[in-house]
Amino acid sequence: MTNNILEVNNLSKSFQGNRILKDVSLTVHEGDIYGLLGKNGAGKSTTMKAILKLIKLDSGTIKLFDQYNIAETNAYLSDIGSLIEAPSFYPNLTAIENLKILQCLADVPQDNIEKVLTIVDLQNVPKKKLVKNYSLGMKQRLGIALALLKFPKLIILDEPTNGLDPKGVREIRELIALLPEKYGTTVLISSHILSEIEKIANRVAIINNGQIKYEGSLAELEKTSRLVIKTDNNSAAVRLLEQHQYLINKQNEDGFELNNIDRATIIQINQLLVTHDIGVHELHVVKNSLEDMFLTMTEGAQ
Ligand SMILES: Nc1ncnc2c1ncn2[C@@H]1O[C@H](COP(=O)(O)OP(=O)(O)OP(=O)(O)O)[C@@H](O)[C@H]1O
């Protein structure tokens, strides 16, 4: 049986009368690298903050580790590590001093400091170097080290590669990819960049304008296709198909598209158009790429 690490059900949140989250539901399983994908302003950070009780919900429930309803307890927080928006440190202290503060507060073994510095590949940085003199990539890695210090069951990373150069992005990605298998940590990671999530996540949710548009594996998402049709009278063709209850997904001057149409239906559509004297000069099926799907689901977002 799959254990649920996180269950978010029908979460809603408004700020100053604006509904920012609209019935958001998602389920993260043990061992997942779960990608929360959406454009800037879609509601990713707000969802993560709600899980960490950094904001109050209007409605909805959040359950952690198959056990805790967050409205009733804070006990689950000690099993979560997080990096939300930018990491926060004491800039005039060293990495070890920063980690030491959290190590004392969280009451975890001192050994963990060296372990997490090694995991994020900061073990060879001069011990006296102050964090304010770290590069952005080093700061992000230190932020992950802080989030990992307790070796939590769940780590929540909000856009952890933001602002990094390609090498830095890759390093962080490779580091995150190891977490479930090597350290038993389930990962919830957000990004607005599909290609970053695509390379590591086994499950994703796509959020747009505060609503979940898709939840599942990327492989499932990729199985979808669309039928592209071009005729000598597209507006008449669309009218005709709509009269016959076909759902037109997209339309422009050149032609129109329908989603996920099987072979038998393609034949029926073709016959219908031809018997109504509409000349079909192009009809083909296009397999959707992940990027197509992501863009379709996030079109019109702020
Ligand atoms: N405390 C707040 N008060 C008012 N509006 C807020 C507050 N926090 C977030 N918002 C608004 O909620 C919306 C969602 O913000 P959120 O930070 O969750 O988006 P996001 O998907 O994480 O995007 P980004 O990557 O840009 O942070 C935005 O329109 C933002 O302006």
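How many residues surround the ligand, and which are the closest? The legends below start there.

**View 1. The shell around the ligand.** This is a predicted model, in which local features need pLDDT of at least 70 and side-chain atom pairs count only at pLDDT 80 or more, while totals for chains, interfaces and linings use all residues. Residues are numbered from 1 along each chain as its sequence is written. The ligand is surrounded by 13 residues, and the closest are Phe15, Asn40, Lys44, Ser45 and Thr46; a residue is near a molecule if its C-beta atom, placed from the backbone, lies within 6 Å of it. By type, the shell divides into 3 nonpolar, 8 polar and 2 charged residues. Here Ala, Val, Leu, Ile, Met, Phe, Trp, Tyr, Cys and Pro count as nonpolar, Asp, Glu, Lys and Arg as charged, and the others, Gly among them, as polar. Helix α1 (residues 44-51) gives the largest share of this shell, 3 residues.

**View 2. Helix α1.** Helices (H or I, at least four residues) and strands (E, at least two) are DSSP runs, numbered from the N terminus. In α1, 6 of the 8 residues are buried, so the helix is largely enclosed by the rest of the structure. The buried ones are Lys44, Thr46, Thr47, Met48, Ala50 and Ile51. A residue is buried if 20 or more other C-beta atoms lie within 10 Å of its own, exposed if 12 or fewer, and partly exposed in between, with C-beta atoms placed from the backbone. After α1 comes lysine 53, with a positive phi near 60°.

**View 3. The nonpolar cores.** A nonpolar core is a set of buried Ala, Val, Leu, Ile, Met, Phe, Trp, Tyr and Cys residues joined through C-beta atoms within 7 Å. The largest one has 60 residues, and Ala145, Val187 and Leu188 have the most contacts inside it. Helix α4 (residues 136-148) supplies the largest share of this core, 6 residues. A second, separate core has 8 residues, including Leu227, Ile229, Leu241 and Ile269. Leaving aside its neighbours within four places in sequence, leucine 188 is in contact with Leu6, Val28, Tyr34, Leu36, Leu154 and Ile156; contact means C-beta atoms, placed from the backbone, within 7 Å.

View 4. Strand β1 (residues 4-15) and strand β4 (residues 59-64) run antiparallel, joined by 5 bridges; strands pair if DSSP finds at least two bridges between them. Valine 8 has isoleucine 62 in β4 as its bridge partner. β4 also pairs with strand β5 (residues 68-69) in the antiparallel sense, over 2 bridges. In this pairing, lysine 63 stands opposite asparagine 69 in β5. The two strands β4 and β5 form a hairpin with 3 residues between them, and phenylalanine 65 in the turn has a positive phi of about 55°.

**View 5. Where the two domains touch.** The domain assignment, automatic or from a database, gives domain 1 (4-217) and domain 2 (223-298). Their C-alpha centres lie 41 Å apart. Domain 1 brings 9 residues to the contact and domain 2 brings 5 residues. On the domain 1 side, α6 (194-198), β9 (203-208) and β10 (211-216) each supply at least two residues.

**View 6. Leucine 290.** Leucine 290 belongs to helix α10 (residues 290-298). It counts as partly exposed because it has 17 C-beta neighbours inside 10 Å. Leaving aside its neighbours within four places in sequence, leucine 290 is in contact with Leu194, Glu198, Leu218, Leu221 and Glu222.

Note on methods: Two residues are in contact if their C-beta atoms, placed from the backbone, lie within 7 Å.
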